[in-house]
Amino acid sequence: MAAIIMPAEAQEPVEAPDVTMRACAICEHGGTSARALAYAKVGRQLVECANCGFTYAPKAREAVHMQAAGNGRMRLSDLLLCFLDRVTYWRRFMFSPLEPYELLNKLGPDSGNVVDVGCHRDNLRLISPRFSIYGLAGFPALAAHARAEGARTGATVLSTTAAEGLSRFPDRSLAGVVLYSHLERDADARSVVALLGRKLRFDGVAVLKLANYGSLNRLVMGKRWYKFNFPDYLNYFRKRDISALAACFGLEVSFPLMLSLPTDDNFIAILKPIIPIEIY
Ligand SMILES: [Zn+2]
């Protein structure tokens, strides 16, 4: 098995003001021509790519004004929508019985290196011990908790961003990667998917859980959709967006039917490398 280059301890990220406009993560179209969305009223600027329609925050870091919508007062229609959203909360769990780690355990190869990006909840404990498990935790405070979990399970935790951590693995060395609600938050999402295309083995699999920007609930709730979770979220994927992004880097995508329904506020995407024809 190829050796992993252990990273230096990461420093706490410095939240400096961001003056650069992000390009579209899907097609790299420049941010200056993107169309501003009314969802900016919820407190943060969002734009829709003029070329491919992907929705994202054009600045990775900016001041968030949570009272921007209606000066903090909700209209009766907004209150009704929020009420309906809450009393039908059960629907968020109705069609998602399988967690990403379970899909990895089920679909991944027999052994090899697996990376859990973000060390979500109990993933380090629940990913199958048949794998060599690495956790990537971008913030030292998070890494401390993950390391404690790793000490119990044998997982290795690296204090690093997703792109930096994945880049330290040799090409075609990863049996699996889990990204649980991560890509929405990553200003460098395009680089992360590019690395999945390079680092996954041809029999490897990446399991992504993403907020479903194409969900019916988002259409109904509009700017009150609970996934407009500022300042955390930077990218809002539809299935077509993650498919287009994966295709840029030699990955094919599948969406398990019952885990990617339009009634669900999240969806699962399974990414696998497209095996070059010359290998057959
Ligand atoms: Zn685009």
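A residue is called buried here if 20 or more other C-beta atoms lie within 10 Å of its own, and exposed if 12 or fewer do. The model under discussion is a predicted one.

By this criterion, the buried residues of helix H5 are Ala 143, Ala 146, Arg 147 and Gly 150. These residues cover an arc of only 115° around the axis, so they lie on the same side of H5. The other side of H5 carries exposed residues, namely Ala 141, Ala 144, Ala 148 and Arg 152. The cover over the buried residues of H5 includes helix H4 (123–126), strand S5 (131–136) and strand S6.

The length of H5 can be checked against expectation. The helix comprises 14 residues (140–153), which at 1.5 Å a residue should span 20 Å; its end C-alpha atoms are 19 Å apart, in agreement with that value. Just after H5, Gly 154 adopts a positive phi of about 90°.

Strand S6, which contributes to the cover of H5, consists of residues 156–158 and contains Leu 158. Leu 158 counts as buried because it has 25 C-beta neighbours inside 10 Å. Although Leu 158 and Gly 138 are 20 residues apart in sequence, their C-alpha atoms are 8.2 Å apart in space.

Helix H3 (residues 100–107) can be described in similar terms. Its buried residues are Pro 100, Tyr 101, Leu 103 and Leu 104. They cover an arc of only 160° around the axis, which means that they are on the same side of H3. Among the elements that cover them are strand S4 (112–117), H4, strand S7 (174–180), strand S8 and strand S11 (266–273).

In soluble globular proteins, nonpolar side chains tend to be buried together. In this model, the largest nonpolar core has 70 residues, and those with the most contacts inside it are Tyr 56, Val 177, Val 192, Leu 196, Ala 206, Val 207 and Leu 208. Strand S8 (residues 200–211) supplies the largest share of this core, seven residues. For Ala 206, contacts beyond four places in sequence are made with Gly 176, Val 177, Leu 179, Leu 196, Leu 200 and Leu 271.

A separate feature is an open sheet of four strands, in the order S1-S2-S3-S9 and with antiparallel pairing. Strand S1 (35–36) and strand S9 (235–236) stand at its edges; each has a single partner strand, so one side of each is left without a neighbour in the sheet. Two bridges join S1 to strand S2 (residues 47–48), and these two strands run antiparallel. Within this pairing, Ala 36 stands opposite Val 47 in S2.

Cys 119, in the loop between S4 and H4, has a phi near 50°, a positive value in a residue other than glycine. Cys 119 counts as buried because it has 25 C-beta neighbours inside 10 Å. Arg 172 likewise is not a glycine, yet has a positive phi of about 55°. Arg 172 is located in the loop between helix H6 (162–167) and S7. With 14 other C-beta atoms within 10 Å, Arg 172 is therefore partly exposed.

Terms used: Residues numbered from 1 in each chain as written. Predicted model: local features only at pLDDT ≥ 70, side-chain atom pairs only at ≥ 80, totals over all residues. Expected span 1.5 Å × (residues − 1). Arc of directions from axis to C-beta. Contact = placed C-beta atoms within 7 Å. Core = buried A, V, L, I, M, F, W, Y, C linked by C-beta atoms within 7 Å. Pairing = 2+ DSSP bridges.
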